[in-house]
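Take a walk through this model, one region at a time. Start with a loop, then follow the strands, the pocket and the helices.

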Amino acid sequence: TVTESGAAEMRVKPIFEENGRVSLIDQTKLPGAEVLVEITTVQRMWEAIRRLEVRGAPAIGLAAAFGVWLAVRGTGFPDHASFVKAVEEAGAYLNTSRPTAVNLSWATARMLRAARSPGCTADALLEEARRMLREDAAACRAIGEQGAPLLGICSTVLTHCNAGALATSKYGTALAPIYVLAERGRRLHVYSDETRPLLQGSRLTAWELARAGISVTT
């Protein structure tokens, strides 16, 4: 199947937060429907990670960071030690959703380190999760900038699985150079294989590339 869109830029954000509201694209529904889900509890975030509504190592880590914050927001604690304990318990709980996802445990550990800082509050944890989101977007962009010249002589590229925006905060890792080239008016043709058993290549990579105006064959 060859798909192509007229979209001018890559706009996919698998997980985002605005004014304390955390939302994600339910990737189990793609490509048939783009469904946004608001996550309001740590239990619901655990479920989203477990069910692959959010997937991809960087995106899972970001989801976990916001999940830790959701566990302690709006809750009063008698002292800082109680606050830290709640953060630690939330992180341990989230880690069980995907035990093999390294970014998940990394993110919960980072949130715990932040919580242990003197005077840390739930608001400070929200800022830490936001910081992680910005850092990931910047890292993905840097990958794109570094990788774009390497693909500059190519007309076609073969991709495997999904290492694009849906797996991160924006741009992706392996797909980032393709998106950067597209921004500069250089659109490659991508062959995206299916990746069994969940078909992330044909379901997810093809969907996000077509949405960005990049011609893709699955």
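At 24% relative accessibility, L52 counts as partly exposed. The scale is simple: buried means under 20% relative accessible area, exposed over 50%, and partly exposed in between, with a 1.4 Å probe and protein chains only. L52 sits in the loop between α1 and α2 (57–72). Its phi is near 70°, a positive value in a residue other than glycine. Helices (H or I, at least four residues) and strands (E, at least two) are DSSP runs, numbered from the N terminus.

A word on the source. This is a predicted model, in which local features need pLDDT of at least 70 and side-chain atom pairs count only at pLDDT 80 or more, while totals for chains, interfaces and linings use all residues. Residues are numbered from 1 along each chain as its sequence is written, and side-chain values use heavy atoms, with hydrogens and water left out.

N19 also has a positive phi without being glycine; the value is near 55°. N19 lies in the loop between β2 and β3. N19 is exposed, with a relative accessible area of 75%. The hairpin of β2 and β3 has two residues between the strands. Its strands pair in the antiparallel sense over four bridges; strands pair if DSSP finds at least two bridges between them. F16 has S23 in β3 as its bridge partner.

How do the side chains along β2 point? They alternate.

The lining consists of K13, I15, F16, E17, E18, L133, A137, S169 and K170. β2 (15–18) and α5 are the elements that give two or more residues to it. By class, the lining has four nonpolar, one polar and four charged residues. Here Ala, Val, Leu, Ile, Met, Phe, Trp, Tyr, Cys and Pro count as nonpolar, Asp, Glu, Lys and Arg as charged, and the others, Gly among them, as polar. The space in this pocket is about 180 Å³. A pocket is an open set of points on a 1 Å grid over the protein atoms alone, where a 1.4 Å probe fits, with protein on both sides within 12 Å along at least five of seven lines; lining residues have an atom within 4 Å of a point. Grid points are joined across faces, edges and corners, and the volume is the space filled by probe spheres set on them.

Now the aromatic residues. The structure holds two aromatic pairs. The rings of W46 and Y93 have centres 5.9 Å apart and planes at 15°, so this pair is stacked. Rings of Phe, Tyr and Trp (its six-membered ring) pair if their centres lie within 6.5 Å; planes under 30 degrees apart count as stacked, over 60 as edge-to-face and the rest as tilted. W46 lies in helix α1 (residues 42–50) and Y93 in helix α3 (residues 80–95), so the pair ties together parts that are 47 residues apart in sequence. W46 is partly exposed at 23% relative accessibility, and Y93 is partly exposed at 32%. The rings of F77 and F83 have centres 5.5 Å apart and planes at 75°, so that pair is edge-to-face. F77 is partly exposed at 28%, while F83 is buried at 5%.

W46 has another link. S97, in the loop between α3 and α4 (102–115), touches W46, I49, R50 and L104, not counting residues up to four places away in sequence. Contact means heavy atoms within 4.5 Å. S97 is buried, at 0% relative accessibility.

Which elements cover helix α6? They include α5 (122–151), β5 (156–159), β6 (189–192) and α7 (200–211). In α6 (residues 176–183), seven of the eight residues are buried. G185 follows α6, with a positive phi near 85°. From α5, I143 is in contact with T173, A176 and P177, leaving aside neighbours within four places in sequence. β5 and β6 run parallel, joined by four bridges.

Finally, two cis peptide bonds. One runs from L30 to P31, with omega near 0°. Another joins R196 and P197, with omega about 10°. P197 is in the loop between β6 and α7.
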